[in-house]
Amino acid sequence: MKFWIAGIWMMSTALWATAQKGRYPVMLDISKQYNLQGSNWTGIAVADNGSVMLHTQTNGLLLLKHQKLHIIAPKANAPVISLQNSMLFYQHGFYVNDLANSKLFRLQQDSLQVYASIESNGTYNLNKGILIIDAFPIPTKATYFDGRNFTAVRIPPPADSINTTATQAIALRHTATGEILLAMPHLKGSNLFRFDEQQKAFAFMHYVNAPVSSSWSYYTPQGDILYYPTLAGDANKNWYLLNPQGIVSQAGYTVSFVSNYPREHVIQKDQQQLLVDEKLLGSTVLPLPRLLQAERVQQTQFDKGYGTYYMGTTNRIARIFPHVWEYPVLYNENNSNANHSIMQTANGDVYIGSYTGFLSKITAHAIEPIANDRAILPGGLGVGNTLNFFSENWNGLVQITGNNQRRYLTRFKPKHSNTGFYLTFSRDSSRILAGFGGDSSFGSMPTKNFMAGGAEWNIIGPQQGVQLANILTVAEDPKGRILFGRTSQGWGIYDTSSKKATSYLKSNKQTSIGVMSSCCDSHGTMWLGTDNGLWYYDGYLPGSITPKQLTQIQHPILNENNNITTLQQWGNYLLIGKGQRLLLLRLHKNRSYKNTPIEIRYLHPYELPMTTGVEQNTMLVDRRDSSVWIATTDNVFQVMMRDWLQKPTYTVQPIISVATGDDTLYSKAGKTIQLAPTNNSLSIDIQYQTPDNLPRLLQVALVADGDSIRWSSVTLDHHWEAFNRQTGPYTFYVRVFEQDGSMQQFAFPIHIRKFLWQQWWFWVSISLIVIITALYFINLKKRQQLAEANAQRMKAETEALRSEQNRQLTNMQVKSLSNQFRPHFILNALNTVGAQLYDKPEVDEVLGQLGDSIGIIFRNSQQGSIAHAFAQEWKLVQSVINIKQMEYHHAVTVHYPDEATVTALAEWPLPMGILQIPVENALIHGLRNKEKGSKHLYLGLQETPDHLLITIEDNGIGRKAAATMTNHRNNGVGTKNLLAIIDLLNQHNTAQIHFDIADVPAPDTGTKVCISIPKQYNYAL
């Protein structure tokens, strides 16, 4: 009897110890994550590889794998599953037992297929197989399935001594042992049978002499029975502990709801719902997360791969991480805002202080408010059994003693404030170090004086060389030097032997970093958490420490743009609070991190769901259990670090899927994906499955052959897109940050095949035709020019003849340059037409415009004229725009000048191509390569008494970005030739043509071309 009473007391104590109001295990709301609207989540099964099968009575069956949710449906020839009565289980694969239709379905290729026809009323997962029991209320047989064979199992009849009619029989699985307990209650008692999986048979266990009409029964880990009978007169429906002789005692709590498959259960204690797993019963009980407290639990499932729970309720499907706890309602059961200090006293109690003035004590049993009337600043410290923190006033350093008395440890010295931002121990704990605010100083005091309420500090300030106001962090290295810092200003070192401080200021460019947090580890390495990553120096180095002796830890996660706000040592790890992440760096005894792999582990955002950044210097390693307390602006978390580090770690082998519109292509690392030239906009998903079912932090980059890698930011997003990529070979790189701290890199070759018109032989043929045609007209014109020059030389004086020869030579250079961009236009036009030959009705229209443009160019060549009318140039511009609009699917918005202005300028002469070439450049180089946002092209015309002013402006990617693109490097000759023509023409004219190209001012992007053409200009050289 004493044994049973002790067991009851242990369970009651365990329940009370874990039932603190305001303390909850962390929960991932899967329904919210995947925007699931289903209700009554009554089925959960977790596979060995971490994938999860779910059942909701409103949305049917779902499969969570590869970080995606898949809807599962039966094959077309399979009967419709009665989802209201289905049970899920995982054993040698995913199965669904359809009770209503007596069908066993198996998941194959993401769809359900009939596996067997079997009568059943309940399915239970065992260690090596499953047990299927036939119809209730009086089951007579069962079937055991080991994944290959079905074995019939006989259920023994009721004992002869019981001859009354049986009520509802209950089958229960012992989660810890995997055994099945079958309770067959009668009006006067219950027979209990145990299923032996080794023998595949039921054996009589014992008879419980208690009048019941229904019951729920469980094993405890000690083999005892936890029984929930409906007894006459027991209106509270209490749970009882039973021994073979009958009811022993009430267990001290009542049932809120009991889930069915398997038999974890939810109970209620002091209006708080608690999750009880049989393998944990008597030692640990988990309160439901805050969001689930008001919901009815339908199903729970333990995840062996990572030691978490999946839980289905009436409204959502969730995952619970029992190794991380949150405290969202620390203050007056309302909130946990502005948490600035976490302190622990010698007796083990933890205190959380808020800038709003709240202060709470967290004991093993409760969260208690502590009276406080002052804002609590960062960096509080527990010294002995006293609490010590800064506040914003002249008596700013507050000490609360064990009997809750207040002391104000002021300095009573002029020109010094009494507030500050950091308290810590010296390296040997013999002194207290304090970073003061409002002036440039920090101080030290013997610990025994501090605990006694001393107020006289040894001040290190401007007289010693401290030039940083508001010291945010101080730490002592093995040589007795004290590092101090402030994020916005810099850092410094105080040498206790020389009593001199050296400050390194960002404003004087003496340092590039500002220090917010610091920590000297047990090996002697001094760590600096800065606004530019993590830095360190060897604390055993002799002499002065200068910026040259600092080394930065290079790691993508550390190099992100967030301040490192807090540092602490835990065992052989450095804990790093950075942004919304808690990171762990493995420490080296030799204090050197050069030329060695840097291992950075991270608490996954699913299990440590910070919604705001880690607060300044607000982290605590609990001396009782080595758990880690960490505060954000709106929450406090407690990480059972030892439990987390003992969890198994898994590495991933990702594949990628590329959606092409008509199909989805899959590839492993190293295997090339071939894409059609029209599939040059990529939609890539990164997929893998691990037993922990946690997506990894990663970086990606799509790199054209010959280009350098430019990594994306570190992210959990496994979907990536790129638009309008040029044809050619690429490599899609994926860098995965594993849970064990390692980093893996994978390469996926992707080749976008070329169009027919992009093949070299195609263009050789087209180029020969164009070149031969151009040479014919050039040669013809040269002959005419030579004949005219010979006739003039015979009539002119020798000096005039020499002058005419120079002019003719210049004219020939202009014609040669002019004729170069004419074939260039034809090539670009044919390039566009060739790209659009597939099922494009607009091709006829474009070919007509192309014919008109070629006519203009060739007639101009025949006439030997450098200039032509504005109306002809405008036709070339419109032809270029229409051709490119068809290629870009009319994605560019073109802003034209008003028609009256165009008409009025119809006869104005200007060099051929002076509008067409910059418009073509804007479309090809600026707008084509723009992947995000709208695309605009602005054309402006203005006539003054003496000039025609032209502007061509686009909002494309700009010249600097375009210069890196392949099409820019291959097609830059047009503008170069045009500028050469203008330069030659300007040599023979007083009034000059001006052609200016400039970038659009930041923050916008794009290019603007401004052209000024004089009204009186001589084009005849």
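How exposed is Asp999, buried or partly exposed? Asp999 has a relative accessible area of 44%, which makes it partly exposed; buried would mean under 20% and exposed over 50%, with partly exposed in between (1.4 Å probe, protein chains only). Everything here comes from a predicted model, where local features need pLDDT of at least 70 and side-chain atom pairs count only at pLDDT 80 or more, while totals for chains, interfaces and linings use all residues. Residues are numbered from 1 along each chain as its sequence is written, and side-chain values use heavy atoms, with hydrogens and water left out.

**View 1. The whole chain, before zooming in.** Count up the secondary structure and you get 13 helices and 69 strands; these are DSSP runs numbered from the N terminus, with helices being H or I of at least four residues and strands E of at least two. Of the 1021 residues in the chain, 56% are buried. Among contacts (heavy atoms within 4.5 Å) with a separation of 6 or more, 55% are between residues 24 or more positions apart.

**View 2. Asp999 and Arg959 pair up.** A salt bridge, meaning a side-chain nitrogen of Lys or Arg within 4 Å of a carboxyl oxygen of Asp or Glu, joins Asp999 to Arg959, with the closest N and O atoms 3.0 Å apart. This one links distant parts of the chain: Asp999 is in strand β68 (residues 994–999) and Arg959 in helix α11 (residues 958–962), 40 residues apart. Arg959 is partly exposed too, at 40% relative accessibility.

**View 3. Lys68 reaches Asp685.** The whole structure has 18 salt bridges, and one of them brings the side chains of Asp685 and Lys68 together at 3.1 Å, N to O. Asp685 sits in strand β58 (residues 682–687) and Lys68 in strand β5 (residues 68–72), so the pair ties together parts 617 residues apart in sequence. Asp685 counts as buried at 13% relative accessibility, whereas Lys68 is partly exposed at 33%.

**View 4. A loop-to-loop pair, Lys506 and Asp531.** Here the side chains meet in a salt bridge at 2.6 Å, N to O. Lys506 is in the loop between β43 (500–505) and β44, and Asp531 is in the loop between β45 (525–530) and β46 (533–538), so the pair ties together parts 25 residues apart in sequence. Lys506 is partly exposed at 26% relative accessibility, and so is Asp531 at 23%.

**View 5. Inside the second largest pocket.** This pocket holds about 950 Å³ of space. On a 1 Å grid over the protein atoms alone, a pocket is an open set of points where a 1.4 Å probe fits, with protein on both sides within 12 Å along at least five of seven lines, and lining residues have an atom within 4 Å of a point. The lining has 35 residues, with Leu381, Tyr422, Thr424, Phe425 and Gln568 nearest the centre. Strand β52 gives the most, five residues. By class, the lining has 15 nonpolar, 16 polar and four charged residues.

**View 6. Glu615, a buried charge.** Glu615 is found in strand β52. Glu615 is buried but has no salt bridge, and the nearest side chain of opposite charge, Arg486, is 15 Å away. Leaving out residues up to four places away in sequence, Glu615 touches Asn339, His340, Thr565, Thr566, Ala631, Thr632 and Thr633.

Notes:
Points joined across faces, edges and corners; volume = space filled by probe spheres on them. Nonpolar A, V, L, I, M, F, W, Y, C, P; charged D, E, K, R; others polar. Lys, Arg positive; Asp, Glu negative; His and termini not counted.
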